[in-house]
Amino acid sequence: MGDIKKVMIPELQAMKKEGRKISMITAYSFPQAQCVDEAGIDIILVGDSLGMVELGYRDTVPVTMDEMLSHTRAVVRAVKRAHVVGDLPFMSYNVSREQAVTNAGILYKDGGADSVKLEGGQDMAPMVAAIVKAGIPVFGHIGLTPQTANLLGGFKVQGKSLDQAKKVVDDAVALEEAGACAVVLEAIPRQLAALITEKISIPTIGIGGGVDCDGQVLVFHDLVGLFRRFTPKFVKVYADIFSAELVAVKKYIGDVQGKKFPAEEHTFTMKEDAVAELRKALKM
């Protein structure tokens, strides 16, 4: 197959400049990462969305650094090409610059991530600047920020009014000035996302931001039909893996109950004379 070139920040910047769209998807385990990396994805986000789709939490807030570190390591072990971004969970970077740098360093140094991501715009720009100064690339995340969605009135589209739109633009500019290498734009009007994409020099990754962003990201479980609690408007479901798994497991249960599995081809055997000797030894 030859040498595989790892996707790093300069390549992502070149893709924006040349108009080549960036593909990004979440993954949380070795097999998921192995699949999407082999498919040719550009960026893998080990997102704190794992709290909902993998761990069963109500939202992303309870996710811990230990959980993020464990899943990031699993993903990194599988990846050969994709750029891996580790998500900083709620309250792992919000308190101080020192805390932000320390936890970013854990995902970067101990987890093996190529970059880290945090939520927030102007208010979090000092944290971004401190992490970048420490030598760690940072992805920003503005618009709808799931970790603080309660402050935004829930999981709602952001930036629809003039004042809100201006704030989102200011957030994007602040992140760029702080040294962020890219920014995720979640649940904002397409026109606003297009304006931000034109205004800033770093790549924009949309999730509910429209087609004009430099790239797109979706949650793996949403894309393949594994998460059934709800499906956001911005999600396109490309497969129904849950139903396929359900059919497979039901068939397995039926085969076990009907004594169809394991069949002869799934079974190891002994020679009959050895069985006879064993029965004799066991007095059976």
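1. Burial first. Of the 284 residues in the protein, 47% are buried. Buried means under 20% relative accessible area, exposed means over 50%, and partly exposed lies in between (1.4 Å probe, protein chains only).

2. A word on the source. This is a predicted model, in which local features need pLDDT of at least 70 and side-chain atom pairs count only at pLDDT 80 or more, while totals for chains, interfaces and linings use all residues. Residues are numbered from 1 along each chain as its sequence is written, and side-chain values use heavy atoms, with hydrogens and water left out.

3. Overall build. The protein has 11 helices and eight strands. Helices (H or I, at least four residues) and strands (E, at least two) are DSSP runs, numbered from the N terminus. The C-alpha trace spans about 85 × 40 × 35 Å along its principal axes.

4. Contacts across the sequence. A contact means heavy atoms within 4.5 Å. Take the contacts between residues at least 6 apart in sequence: 57% of them join residues at least 24 apart.

5. Surface and charge. The protein exposes about 15400 Å², and carbon and sulfur atoms supply 57% of that area. Accessible areas come from the Shrake-Rupley method with a 1.4 Å probe; for residues, only the protein chains shown count as cover. There are 33 positive and 35 negative side chains, and the centres of the two sets lie 3 Å apart. Lys and Arg count as positive, Asp and Glu as negative; His and the chain ends are not counted. Each charge is placed at NZ of Lys, CZ of Arg, CG of Asp or CD of Glu.

6. A nonpolar patch. Val-249, Tyr-252, Ile-253, Val-256 and Phe-261 make a nonpolar surface patch of about 440 Å². Patches are made of residues with over 30% relative accessible area and no salt bridge; like charges are joined within 9 Å, nonpolar side chains (Val, Leu, Ile, Met, Phe, Trp, Tyr) within 5 Å. Ile-253 sits in helix 10 (residues 241–257). Its relative accessible area is 40%, so Ile-253 is partly exposed.

7. A buried lysine. Lys-16 belongs to helix 1 (residues 9–18). Lys-16 counts as buried because its relative accessibility is 14%. What does Lys-16 touch, not counting residues up to four places away in sequence? Its contacts are Thr-197, Ile-200, Ser-201, Ile-202, Pro-203 and Asp-214.

8. Salt bridges, and one that spans the sequence. A salt bridge is a side-chain nitrogen of Lys or Arg within 4 Å of a carboxyl oxygen of Asp or Glu. By this rule the count is 10. In one of these, Asp-114 pairs with Lys-6, with the closest N and O atoms 3.1 Å apart. Asp-114 lies in the loop between helix 5 (97–110) and strand 4 (115–117), and Lys-6 in the segment before helix 1, so the pair ties together parts that are 108 residues apart in sequence. Asp-114 is buried, at 12% relative accessible area. Lys-6 is partly exposed, at 28%.

9. Arg-58 and Asp-59. Their side chains meet in a salt bridge of 3.0 Å, N to O. Asp-59 counts as buried, at 10% relative accessibility.

10. A bridge within a helix. Lys-167 forms a salt bridge with Asp-171, the closest N and O atoms being 2.9 Å apart. Both residues lie in helix 7 (residues 162–178), four residues apart, about one turn of the helix. Lys-167 is partly exposed at 47% relative accessible area, and Asp-171 is buried at 5%. Elsewhere, salt bridges that share partners join Glu-11, Glu-18 and Arg-20 into one network.
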